[in-house]
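Have a go at each one before you read the solution.

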Amino acid sequence: MPPQVAFEILSPGNTLVEMAKKFRFYERYGVEEYYLYDSDKGDFSGWLRAGDFLEVIENPISWISPRLNVRFELVDGELEIYRPDGKKFATYLELIEQNQQAQQQLEQERQRSDKLSAKLKELGINPEEL
């Protein structure tokens with residue numbers, strides 16, 4: 001079974017011929033939705049299956065994928081994708097930042113726990129027995 005949705009992110013090494021071959025491959029093997037994003041140019045395009053062919057989506061901005069139920073927006077040339085609940089998917093950098101913040105919070109909680117444990121021991125209470 002072919003993929004139902006395909007995303008291509010252009011890189012400087014992609015050629016027009018290569019991308020045309022990829023498009024035809026997806027079209028031939030039944031992909032329902034095909035999306036192409038050029039981050040250098042801030043260009044986003046999409047195609048939707050109509051019978052045996054992929055037909056261009058005239059305005060893919062604010063488009064909601066029929067298969068994935070996600071919405072695509074182009075903000076200052078940057079592609080943003082919104083979940084079915086309307087919340088924006090985090091970018092890779094945002095995920096790294098969230099992870100770092102979570103790690104800092106865990107470390108602060110560990111330090112607090114260690115201090116409380118030490119204080120209990122000072123008071124003659126074994127925290128392992130609580």
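The model you see is a predicted one, and the exercises below walk through parts of it.

**Exercise 1.** Work out whether strand β2 (residues 33-38) is largely enclosed or open.

*Solution.* 
- Start with one face of the strand: E33, Y35 and Y37 sit on this side, and they are buried.
- A residue counts as buried when its relative accessible area is under 20%.
- Put together, six of the six residues of β2 are buried, so the strand is largely enclosed by the rest of the structure.

**Exercise 2.** Find out which strands pair with β2, and in which sense.

*Solution.* 
- Look at strand β1 (residues 5-9): it runs parallel to β2, and five bridges join the pair.
- For a landmark, find A6, which stands opposite Y34 of β2.
- Next take strand β3 (residues 43-50), which pairs with β2 in the antiparallel sense over six bridges.
- Here a handy landmark is Y35, whose bridge partner in β3 is G46.
- Finally, check the hairpin of β2 and β3: four residues lie between the strands, and G42 has a positive phi near 65°.

**Exercise 3.** S62 and D76 both have a positive phi without being glycine. Say where each one lies, and whether it is exposed or partly exposed.

*Solution.* 
- Begin with S62, whose phi is near 70°.
- You'll find S62 in the loop between β4 (53-56) and β5 (71-75).
- Because its relative accessibility is 41%, S62 counts as partly exposed.
- Move on to D76, with a phi of about 55°.
- D76 belongs to the loop between β5 and β6 (78-82).
- The cut-off for exposed is over 50%. With 78% relative accessibility, D76 therefore counts as exposed.

**Exercise 4.** Compare the span of helix α2 (residues 92-122) with the expected value, then see what follows the helix.

*Solution.* 
- Note the length: α2 has 31 residues.
- The expected span is 1.5 Å times one less than that number of residues, which gives 45 Å for α2.
- From its first C-alpha to its last, α2 reaches 45 Å, close to what's expected.
- After α2 comes G124, and its phi is positive, near 80°.

Terms used. Residues are numbered from 1 along each chain as its sequence is written. This is a predicted model: local features need pLDDT of at least 70, side-chain atom pairs count only at pLDDT 80 or more; totals for chains, interfaces and linings use all residues. Side-chain values use heavy atoms; hydrogens and water are left out. Buried means under 20% relative accessible area, exposed over 50%, partly exposed in between (1.4 Å probe, protein chains only). Helices (H or I, at least four residues) and strands (E, at least two) are DSSP runs, numbered from the N terminus. Two strands pair if DSSP finds at least two bridges between them.
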